Amino acid sequence: MKELSVLVGGRAGDGINNAGAIVAQLLNHLGYFVYVYTDYPSLIRGGHNFALVRAADEPIGAYNDRIDYLVALNQETVDLHLLHCPDCTIVANADLVKSLQSGQAVSINSILKAESAPAITGNSAMIGAFAKAAGIPWEIVGEVFRRHMPKAVDENTRVARRAYDQVQTSRPIPAIAGRPHTLISGNEAIGLGLAAGGLSAYIAYPMTPSSTLLHFLAGNAERFRITVIHPENEIAVILMGLGSAVAGAKTAVGTSGGGFCLMTEGLSFAAMAEIPIVIVVSQRTGPSTGLPTYTGQADLRFVQYAGQGEFPRFIVAPADPGEAYSWSAAAIRLSWKYQIPAFVLTDKTLSEGSYSVDYERLMDLPSPDPVLWDGQEPYRRYRVTPDGISPLAFPGRKDAVVKVNSYAHDEDGITTEDAGLVTLMTEKRRKKEAKLKEEMSRYPCVSVRGTAGATTALLCWGSVRNACDEVAARLGLRVIQPVVLSPFPDQQFSAACQGVDRLIAVEENATGQLAALAREHGVSADATILKYDGRPFTPDELLLRVQEVLPS
């Protein structure tokens, strides 16, 4: 695989994320597939931020440690990252980088003064300097600025051109025979998928790394014809979401682990009252506040068992924007068909990472409709049916008395403590779970990738699959990724493991939560590779760790 990596680093407030996005578009327009990882501390201003842009001639979804081009807006960037790029090409801000053994530097202050431009445009000068050092034609630079610069296009373009003209080409990046792809983040893909699934309302309190989903949907609320609300806290979020759904609006809420803690009583309410709701949980390092701006996979068991009592739930954990789009749409549809909570379980790596996406290759999943009351017989909100699914009506419907009750209740929604009725309604909810599991047999709930027939397989979930894909390609391994985690797809998972005599679980948590879940369903991993420092696996790092557990 042909690949290269560009790191853009500086302080918070320097526009590092935007600079990384523009660099990604430059490489995208040269024909490469792109992945962008952003690293930043939990600070409003200050601290070291960087965007690592990796480009390759094949689809990718992870970054590697090696850096080929270092774009340094300050001295700290050079000091921290030079170790990973002893032979990389460096382009630096001459005003702040005073110790530079090699590379080229431009004075941002001088350029801004010459163009009478504000300080915020300084990163455009660094992008222009990088583009010239990398031999990217100005025509491509200009087109990318016109199409992707969020504001002040002319001003930023002039600043970039002045820096471009001050630098010499030192390490040209060859264009390849690829076409530009759409670049979107995981959270944007989730938002698009929810909209495709019929979303009417999104309700969230900002909590990294789910916050950009709130921002994306709020910015596109008119286009998607949805209502977006930011309440005062996560308790208000879940209760407002349930009220919205009771009124007939297909609703999703979003948070991270700490916010979901506050939602768990509302989750049980949704289960007992059979209210459809989609909950997006984007994981970060915990417990408690943990590392607010870093990743993790430690909330699988929490999401699987949250809430008191026993009730069905749907959990999907996508690995890339394509899966995030298709399965988010499926989550909202399945939630409404079965009147259950549905979870889209993601993580910082996927939520905030940006990827090349080919819309023509998106999965086409079934589109079930909710069961609605036909008005032919007296309405009973919790009518017992063969599959446990009660026809829906909404408040205001003529001849329908719609009761929503978190207490044990009868078919009409009237509170009861009768032992027989409690048993009946519990079994009703269990029937929905059985019906959902049967329906999921027609969905691709387990992804099998890598070398077909390989007897050694990597077991993974969520964004970790992207690093596993690369390692499997190098070592000739199989990759098994359960996408749906509840109800667990026993038969598909068992089929995926056929012929495997060594199963290696790879997870970003300290206890091997997927490995434990697989063990409950009759499949035990032979080894586990775990990482829990808040940083995602890189393919190079994972390669070494897999080799350590392979038979010699």
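This is a predicted model: local features need pLDDT of at least 70, side-chain atom pairs count only at pLDDT 80 or more; totals for chains, interfaces and linings use all residues.
Five strands, in the order 15-17-16-19-20, make up an open sheet whose pairing is mixed; here strands (E, at least two residues) and helices (H or I, at least four) are DSSP runs numbered from the N terminus, and two strands pair if DSSP finds at least two bridges between them. Strand 15 (446-450) and strand 20 (527-530) stand at the edges with a single partner strand each, so one side of each is left without a neighbour in the sheet. Ignoring direction, neighbouring strands of this sheet are turned by 25 degrees against each other on average, where axes are lines fitted to C-alpha atoms, for helices over the stretch in contact, and angles run from 0 to 180 degrees between N-to-C directions.

Residues are numbered from 1 along each chain as its sequence is written, and side-chain values use heavy atoms, with hydrogens and water left out.

Strands of a sheet pair through backbone hydrogen bonds, either parallel or antiparallel. Helix 16 (residues 464-475) lies across strand 15, strand 16, strand 17 and strand 19 (502-507), and runs at about 165 degrees to strand 17; contact here means heavy atoms within 4.5 Å.

In soluble globular proteins, nonpolar side chains tend to be buried together. A nonpolar core is a set of buried Ala, Val, Leu, Ile, Met, Phe, Trp, Tyr and Cys residues joined through side-chain atoms within 4.5 Å, and buried means under 20% relative accessible area, exposed over 50%, and partly exposed in between, with a 1.4 Å probe and protein chains only. The largest such core has 84 residues, of which F260, I279, F314, W327, M440, I480 and F493 touch the most other members. Helix 13 (residues 321-338) supplies the largest share of this core, 8 residues. Leaving aside neighbours within four places in sequence, F493 is in contact with V446, L459, I480, P482, F488, A518 and V523. A second, separate core of 48 residues includes L27, Y32, V91 and I108.

Another open sheet has 8 strands in the order 6-5-4-1-3-2-14-7, again with mixed pairing. Its edges are strand 6 (104-106) and strand 7 (182-185), each with a single partner strand, so one side of each is left without a neighbour in the sheet. From one strand to the next, the twist averages 20 degrees. Strand 1 (residues 3-11) and strand 3 (residues 48-56) pair in the antiparallel sense over 9 bridges, with S5 standing opposite R54 in strand 3. Helix 7 (residues 186-196) lies across strand 7 and strand 14 (354-357), running at about 90 degrees to strand 7.

N28, placed in helix 1 (residues 16-29), counts as buried because its relative accessibility is 1%. Not counting residues up to four places away in sequence, N28 touches V34, P180, H181 and L183.

Aromatic rings come next. The structure holds 12 aromatic pairs; rings of Phe, Tyr and Trp (its six-membered ring) pair if their centres lie within 6.5 Å, and planes under 30 degrees apart count as stacked, over 60 as edge-to-face and the rest as tilted. Y69 and F130 form an edge-to-face pair, 5.6 Å centre to centre with 85 degrees between the planes. This pair links distant parts of the chain, since Y69 is in strand 4 (residues 69-72) and F130 in helix 4 (residues 122-133), 61 residues apart. Y69 is buried at a relative accessible area of 4%, and F130 is buried at 1%.

Which residue lies over the face of Y69? R171 does, at 5.3 Å from the ring centre; a charge sits over a ring if NZ of Lys or CZ of Arg is within 6 Å of the ring centre and within 35 degrees of the ring normal. The charged end of R535 likewise sits over the ring of Y294, 3.9 Å from its centre.
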